[in-house]
Amino acid sequence: MSTGEVTVMVNNLVKRFGDFTAVDQISFQAHAGEIFGFLGPNGAGKSTVIRTLCGLLRPTSGEAQVAGLDVVTSPEEVRQKIGYMSQKFSLYNDLKVIENIRFFGGMYSVPENELGERAAWAVEMAGLKGREQTLTGTLPTGWKQRLALGCAMLHRPPILFLDEPTSGVDPISRRDFWGLIQHLASEGVTVFVTTHYMDEAEYCHRLVLIYQGRIVASGSPAELKQNAMKGELLLVVCDEVGKALAILHESTEVLDAAIFGNSLHLVVTSAQEAMPRVGSYLKEHGVSVSKMEQIRPSLEDVFVSLTTPSSPRPSA
């Protein structure tokens, strides 16, 4: 993880829309050269935080600074220090590749005598050399997103906000896109990214998990997998997985349960104590278990455990 200067600082940030609290007293810092992941289910408050940090929303209370600038008192200055990619493709499909680059160069006030060099860099980074005159709307999605990233970085901002940048992009293009992100971070850019893909979250130096507007866990991917779950994890391979899940939600032995592929992942207090009891419980209810073992949690396990409402448990 980067130990560079603090580039994003959030302290007790709150954002309300009427009676609804979208962001509730959250605090964190991001550093130069760090890939900072922001994870959470839909509606958790991720996009609200990003829009606030970009100076697009005014916080209800609390403090937020980006590149040393207050997002409330200096929103225009903040926007000159950042690059931003939204969830939806943000370029103009009816413009050529080079026309989009020139347009966004103007939007970001790139000096005319530097625009040629910056445009060549953006084309090269997007892998579009020789396609400068191609209509943007005819490009494959992965190339569009790389072009959008190039446009967001034309003014060489020290901080880049990416709001689910690879949504709808094929796996190979996603991998290539993350190669670009890692390169930017290695050059000292702070990359603040939201994603739904747990394999992408593994690329982040540090992660924050947000649920219902609050931070529920933070740390490196390794730290979260080791420390964030309250309990131990069991893998259960059985027939009638759906039936087994419903049965186990009624068991006092199981803290949480979720389907993973053709198996179940169960959170229990003690794996060794729970295994024989869970096996017997399922057998009593007509479910045959072919395999049960303790496993190490993945990021997806941590995410599901911390961002899924627990089912009501019967009293012991």
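**Close-up 1. Nonpolar surface patch of Y92, F103 and M107.** In this predicted model, these three residues make a nonpolar surface patch of about 300 Å². Patch residues have over 30% relative accessible area and no salt bridge, with nonpolar side chains (Val, Leu, Ile, Met, Phe, Trp, Tyr) joined within 5 Å; a salt bridge is a side-chain nitrogen of Lys or Arg within 4 Å of a carboxyl oxygen of Asp or Glu. Y92 lies in the loop between β6 (82–85) and α3 (97–107). Helices (H or I, at least four residues) and strands (E, at least two) are DSSP runs numbered from the N terminus.

**Close-up 2. Aromatic pair of F38 and F192.** The structure holds nine aromatic pairs. In this one the ring centres are 5.4 Å apart and the planes at 45 degrees, so the pair is tilted (centres within 6.5 Å; planes under 30 degrees apart are stacked, over 60 edge-to-face, the rest tilted). F38 lies in strand β3 (residues 35–39) and F192 in strand β8 (residues 190–194), so the pair ties together parts 154 residues apart in sequence. F38 is buried at 0% relative accessible area (buried, under 20%; exposed, over 50%; partly exposed, in between; 1.4 Å probe, protein chains only).

**Close-up 3. Charges over aromatic rings.** The charged end of K15 sits over the ring of F17, 5.1 Å from its centre. R174 lies over the face of Y197, at 3.9 Å from the ring centre. The criterion is NZ of Lys or CZ of Arg within 6 Å of the ring centre and within 35 degrees of the ring normal.

Residues are numbered from 1 along each chain as its sequence is written, and side-chain values use heavy atoms, without hydrogens and water. Local features need pLDDT of at least 70 and side-chain atom pairs count only at pLDDT 80 or more, whereas totals for chains, interfaces and linings use all residues.

Technical notes
Patch = residues over 30% accessible without salt bridge, like charges linked within 9 Å, V, L, I, M, F, W, Y side chains within 5 Å. Areas by Shrake-Rupley, 256 points an atom, 1.4 Å probe, with all protein chains shown as cover. Phe/Tyr/Trp six-rings, centres within 6.5 Å; stacked < 30°, edge-to-face > 60°.
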